[in-house]
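Welcome! Here is a short briefing to read with the sequence and the 3D view side by side.

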Amino acid sequence: MAVKYLAGDRIIGTAAERAALTTTAFPNTSWKEIGRFTVSGSATDTIEVKGLSSATSGTMTAKDNIMVLCHLPMATLANVYLTFNGDDAGSNANYGYRRSTNGNTTDSSDNSQDGINIGNALALDNLVVCDIRNGTREKFVIYHTNEQGATGSGTAPDREEAVGKWANTNQITTLQFKGATANCFSVGAEVVVLGCDDDEADSGTNFWQEIGTDELTSQGDVLTTGTIAAKKYLWIQTHHLGDITSGTSANCDFNMTFNDSTSGYATKSSQNGGADGIGTNTAFINGWIGYQDRFNNTFMINVASKEKLAYGQETGGITAYGAGTGSNTDEWVGKWANTSDSITKVTVTNSSARSGAYGVGSNLKVWGSN
Amino acid sequence: MATWVKLATATASSGDSITSPVFTAKKHLKIMLEIDASTDGKWRFGNATIDTGSNYAQADTANGGTRVGGVNRSNIECSYGSTPQFIKMEIGNIANREKLGIGEVVSAATGGGNTPNRKESNFKWVNTSNQINIVQSYGWNTISYAILTVWGSDDVGTDVYPNFSNGTIFEESDTGKIYMFDGTSAWNEM
């Protein structure tokens, strides 16, 4: 029944409706959308973000911290370069970068460049996520790329972990992705720029909103969001916890699936900086078998008609608790080759083959936005 | 619904350390530091006070090179050299669990002619009693510029109460109970 408001300051409703009169608010003091450009009409080789709603003039609001989410479906193979504030002339030489592809132990690097090489020979579909410090010093960029490479789950995507710099002390207010091949960015390619000042005011709406969560109150093998709203950009974090009361940790899987689908996945990952392991035509993403506790940080692009691309970093996997035992690390990219549905459910599962289970407090959190 | 919120900011332009104010602990933390100093630096965490004990372990790799680690440490090395740098961390921050973190660094001397360096780090603070609510980066001798910002997320927000006058009566149709609002935040059963 609906709450009834009566004369004399009297209200009639259920206990649940009374409880619902008190709500929970969160301050809007983090990343907000300050720029977006979506390629429409025909393919192009330049995406320049000058403000919201594919603005073609003006500038973005300068923010101290920038997060850039790039979904780059390519019409043709191309190298892609990132520049700022129109500093893209062929002789400016204000950029440098260092990149590792698929965990190659020899970085590709250069300086005195006219842009930051964000991806070499990008083809098909790509996810790029950048964190940029945008104060009054030279600009630093930390970025990760998932390069689809080939369609289908028979091929794992490629991964890049990289850094860059722009030798300029002006704050970034426009941002450009330039392809080295004509009309390389397909219709639908999109760059979203989020900004957050160090003293970000509580106003507007934060970009990242929680859309799904789960936390175990007893030991189990499954963390799942249940059905969630379909959002184009996903940020996922998980904690897989062991049985701390025993003082030891146990072997567990990290098997991430979407929409309860058990096919169509591929993963490429490096554990502790070792050679990449590749899994294709698998029933889940990643599948790193390791000890608990573990913490995972993942970003994804989630467009129904495109393969879902993810990159993630994980740490933990310890054989014993305490400062005398170091943690392991895993860097990975993965995909779900479904091209007909958006992700509306995220599940992480431990298989019955493992000796351990996810402990109390293990949790899964998904933030999303379009 | 929960979202990410800014928890703390600190600045420094001298000395060898930068410490956040004590902030509201969240299960998910994101930390960023931009710093220019004469040496590299280290990190420590704490709850109310910084833990200087040998309660840290870490491993890192620089420019894709060999991964090196250390245990029973009194700090975390998540920095690169003496050039200006930008450091970011993601940390799982559950009170009764060891705190696990992932760090990344980009560092370069000024000017377009200097190639940036990078470092990837993973680490833990083995405290299993408290959440991190204070962060310190130290050992930078000497800082000329630094700004440290912490964001976090969990399900704990701020309660927003209904704007009812003192004495408003709520009759629960399913329980038969009757409550009176105190005009600010509480429903008291009558």
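**First look**

In chain B, the C-alpha centres of domain 1 and domain 2 lie 47 Å apart. Domain 1 of chain B covers 5–153 and domain 2 covers 160–190, with bounds that come from an automatic or database domain assignment. This is a predicted model, in which local features need pLDDT of at least 70 and side-chain atom pairs count only at pLDDT 80 or more, while totals for chains, interfaces and linings use all residues. Residues are numbered from 1 along each chain as its sequence is written, chains are lettered from A and ligands numbered from 1 in the order in which they are written, and side-chain values use heavy atoms, without hydrogens and water.

- Strand 12 of chain A (residues 139–147) is largely enclosed by the rest of the structure, because 9 of its 9 residues are buried (under 20% relative accessible area; exposed is over 50% and partly exposed in between, with a 1.4 Å probe and protein chains only).
- Strands here are DSSP runs of E with at least two residues, numbered from the N terminus.
- In a regular strand the side chains alternate between the two faces of the sheet.
- Both faces of strand 12 of chain A are covered: Val141(A) and Tyr143(A) are among the buried residues on one side, and Phe140(A) and His144(A) are among those on the other.
- Strand 11 of chain A (residues 126–133) pairs antiparallel with strand 12 of chain A over 8 bridges; two strands pair if DSSP finds at least two bridges between them.
- A hairpin of 5 residues links strand 11 of chain A to strand 12 of chain A, and Asp131(A) has Ile142(A) as its bridge partner.
- Strand 13 of chain A (residues 158–166) also runs antiparallel to strand 12 of chain A, joined by 9 bridges, and Glu147(A) stands opposite Asp158(A).

**Aromatic rings**

- Over all chains there are 25 aromatic pairs, meaning rings of Phe, Tyr and Trp (its six-membered ring) with centres within 6.5 Å; planes under 30 degrees apart count as stacked, over 60 as edge-to-face and the rest as tilted.
- The ring centres of Phe207(A) and Trp208(A) are 5.0 Å apart with planes at 90 degrees, so this pair is edge-to-face.
- Both Phe207(A) and Trp208(A) are buried.
- Phe258(A) and Tyr265(A) make a tilted pair, because their ring centres are 6.1 Å apart and their planes are at 40 degrees.
- One aromatic cluster takes in residues of chains A and B, including Trp31(A), Phe207(A), Trp208(A), Trp4(B) and Trp151(B).

Terms used: Helix = DSSP H or I, 4+ residues; strand = E, 2+ residues; numbered from the N terminus.
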